Amino acid sequence: MQLSFFESSCIAGVTFPNRLIRSATHEGMADERGAPTEALEKLYLRIAKGGAGAIITGYAGVQQDGKSSLSNMLMIDCDELIPAYRKLTDRVHEQGVPIILQIAHCGRQTRSAVTGMQTVAPSPVKDFIFNEEIPHALDDREIETIINNFVAAAERAKKAGFDGVQLHMAHGYLLAQFLSNHTNRRRDKWGGSTENKFRIISEIMRRTRESLGSYPVLAKINAYDGRPKGMRVEEAVEIARMLEAAGCDAIEVSSGTVEDGLAIMRGPNPPVGALFNSSFRFKDMSPLIKTISSPFIRFSMRSPNPLRGYNIKAAKAIKEAVSIPVITVGGLHDLSDISSAIESGSADYISMSRPFIIEPDIAGKFRQGKQTASRCIMCNYCALMIEVDKVKCYYGKLPGRK
Ligand SMILES: Cc1cc2nc3c(=O)[nH]c(=O)nc-3n(C[C@H](O)[C@H](O)[C@H](O)COP(=O)(O)O)c2cc1C
């Protein structure tokens, strides 16, 4: 069956061979400086040869205090990294597949024990997960530096041959922290109204356009974040309109924060075993404490329902409000769900993360009719174990265990 999403199309002049995109997925395959390694190149080649419509990289840090607490994150904070990225993009382009660099600052969702610097945020609001410290509330000068570093990251991405950048404005990272009333309690020009909360992003967009003209800039946003007084779909629609007005080329619709348990990547069972083996908070606890705390953790890690296609409704609301392409992600692992999301006009493109972890060639398998659903069981061990190792599929089992 030839479905329309296997036809080629364009975003901001970039040709996408089909509409099935690999969503940003932290791979843990950068070297100690944040440059891509051979392992990452091999993975991207498997995804590209395997039929993906585009690759969005794992998040790349724009400055050191915004680095992830996960192991081996990509960085894009200095020019010396450009040649390694150029090699990577050249190899992916040989397969006719576009590659987009996701750029991010983690804000309060990281640890000073890892970055060596205090965590920062719009306001000094503690994170339930990263709760060792109260983040420092950024001042005007520091916000200006962050804006300039996002722009510098986009400039480097262009020089390195990426087909565009994607601003990570979702999942509770710094730009999402500015947008959500839960984390942004400011009363100055960076907080309060949606326009003020969006100012950091409109400045990034404006300065990027000034510097790079029509270079493609995409955004991944949270339609809702599950936080008290946090992001809701109605405000996300407004933000989508502002993004379009600011010159954004496509919006990927996601939801959830790290603090919100497994709302970002949902699954039927809380991955408690993986948490106990990977998390800085739990891995050194005694077996007795782990046993006692297990029911509470299981409870707090429950995924909300539904488990499939959980951002489609929000994507549709956003798509109705903007005329730029809308991508949606989240539990879209089955060809019939993917097909109906596109054919019902809820989104123009579909992106997936976990299906590409278990089967980097999943897009090609769908296209060739070899498979109609991903083999991913949504155990989410991949999402927990990246704290200590590179990304891989565990299929619900830890190494060395039956
Ligand atoms: C191991 C892992 C790493 C991820 N890393 C990122 C990331 O770097 N940036 C991002 O925006 N989302 C990241 N995500 C979220 C995914 O892009 C996606 O939004 C989420 O997993 C839901 O999609 P899925 O059901 O297709 O997995 C990650 C997810 C997983 C499982």
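This is a predicted model: local features need pLDDT of at least 70, side-chain atom pairs count only at pLDDT 80 or more; totals for chains, interfaces and linings use all residues.
Residues are numbered from 1 along each chain as its sequence is written.

## Domains

The protein chain splits into domain 1 (4-268 + 306-385) and domain 2 (271-302). These bounds come from an automatic or database domain assignment. The C-alpha centres of the two domains lie 28 Å apart. Their contact takes 7 residues from domain 1 and 7 residues from domain 2. Two residues are in contact if their C-beta atoms, placed from the backbone, lie within 7 Å. The side of domain 1 that touches domain 2 has 5 nonpolar, 2 polar and no charged residues. For these classes, Ala, Val, Leu, Ile, Met, Phe, Trp, Tyr, Cys and Pro count as nonpolar; Asp, Glu, Lys and Arg count as charged; the others, Gly among them, count as polar.

## The ligand shell

There are 25 residues around the ligand. A residue is near a molecule if its C-beta atom, placed from the backbone, lies within 6 Å of it. Ser23, Ala24, Met265, Ser353 and Arg354 come nearest. By class, the shell holds 12 nonpolar, 11 polar and 2 charged residues. Helix 12 (354-358) and helix 14 (381-385) each supply at least two residues of this shell. Helices (H or I, at least four residues) and strands (E, at least two) are DSSP runs, numbered from the N terminus.

Axes are lines fitted to C-alpha atoms, for helices over the stretch in contact, and angles run from 0 to 180 degrees between N-to-C directions.

| Helix pair | Angle | Axis distance |
|---|---|---|
| Helix 4 (residues 140-159) and helix 6 (residues 194-212) | about 40° | 9 Å apart |
| Helix 1 (residues 38-49) and helix 2 (residues 82-93) | about 20° | 9 Å apart |
| Helix 6 and helix 7 (residues 233-245) | roughly 45° | within 11 Å |

Helix 4 and helix 6 pack at an angle of about 40°. That makes helix 4 oblique to helix 6. Angles under 35 degrees count as roughly parallel, over 145 as roughly antiparallel, 65 to 115 as roughly perpendicular and the rest as oblique. Helix 4 passes helix 6 in a right-handed crossing. A crossing is right-handed if the near helix is turned clockwise from the far one by less than a right angle, and left-handed if anticlockwise. In helix 4, the residues that meet helix 6 include Ile143, Phe150 and Lys158. Their partners in helix 6 include Ile200, Arg207 and Leu212. This contact has 8 nonpolar, 2 polar and 4 charged residues.

Helix 1 and helix 2 pack at about 20°. That makes helix 1 roughly parallel to helix 2. Their crossing is right-handed. Leu40, Glu41, Tyr44, Leu45 and Ala48 in helix 1 meet Leu88, Arg91 and Val92 in helix 2. By class, the contact has 6 nonpolar, no polar and 2 charged residues.

The axes of helix 6 and helix 7 cross at roughly 45°. That makes helix 6 oblique to helix 7. Thr194, Phe198 and Ser202 of helix 6 make the contact with Glu235, Glu238, Ile239 and Met242 of helix 7.

## Two backbone details

Most residues other than glycine have a negative phi, and most peptide bonds are trans. Which peptide bond is cis, with omega near -5°? The bond from Asn305 to Pro306 is. Pro306 is found in the loop between helix 9 (287-300) and helix 10 (312-321). His171 has a positive phi, near 60°. His171 sits in the loop between strand 10 (164-169) and helix 5 (174-179).
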